[in-house]
Amino acid sequence: MRKVSIIVLGMVDGSVKKHLPLVDTPVRAGFPSPADDYLETKLDLTDHLVKHPSATYYIKAQGDSMINYGIYSGDLLVVDRSLMPQIEDIVVAAVDGELTCKCLGLINGQHHLLSGNEFYPPISLAGKEVHIWGVVIHTIHALRKRGNT
């Protein structure tokens with residue numbers, strides 16, 4: 001079975017503000033429109049994506065086990081440690097000392113970690129040392145192929 005590795009990039013620093021323009025009109029997925037006339041305010045993505053900065057960190061996913069959940073190798077995951085994991089949450093967990101990103105699920109009343117790829121079987125948590133590192137609240141991935149500028 002192929003392992004999925006995760007690289008911790010660091011904690012969210014809420015003191016650093018990076019404001020980007022926020023367009024005050026929805027964008028249609030087909031008809032281009034000059035949006036500069038509709039700039040309303042500035043947007044800090046940390047304010048938008050992170051509700052608990054002191055309990056949130058970024059981590060990079062690697063591997064293909066979560067592709068059906070929209071998580072791809074190289075994606076940046078925003079993980080909140082303050083949230084209580086619930087069934088069907090995507091979590092970052094250490095199972096017997098190895099980090100993985102999976103969906104928390106139940107099979108026949110037993111907790112499992114479920115992949116988003118049919119080639120990876122569920123991981124039973126029975127009898128294993130498990131530490132949930134947090135709930136994935138957002139994933140960020142590029143739509144443009146990597147390497148292109």
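Author: Accessible areas come from the Shrake-Rupley method with a 1.4 Å probe, and for residues only the protein chains shown count as cover. By that method the protein exposes about 10000 Å², of which carbon and sulfur atoms supply 55%. The model is predicted: local features need pLDDT of at least 70 and side-chain atom pairs count only at pLDDT 80 or more, while totals for chains, interfaces and linings use all residues. Residues are numbered from 1 along each chain as its sequence is written, and side-chain values use heavy atoms, with hydrogens and water left out.

Reader: Why is Thr100 called buried?

Author: Buried means under 20% relative accessible area, exposed over 50%, partly exposed in between (1.4 Å probe, protein chains only). Thr100 has 9%, so Thr100 is buried.

Reader: What makes Thr100 and Lys102 a polar contact?

Author: The term needs a pair of N or O atoms within 3.5 Å; within protein, one must be able to donate a hydrogen and the other to accept it, and residues adjacent in sequence count only if both atoms are side-chain atoms. The side chains of Thr100 and Lys102 are joined at 3.1 Å.

Reader: Are Cys101 and Cys103 buried or exposed?

Author: Cys101 has a relative accessible area of 3% and is therefore buried. Cys103, at 4%, counts as buried.
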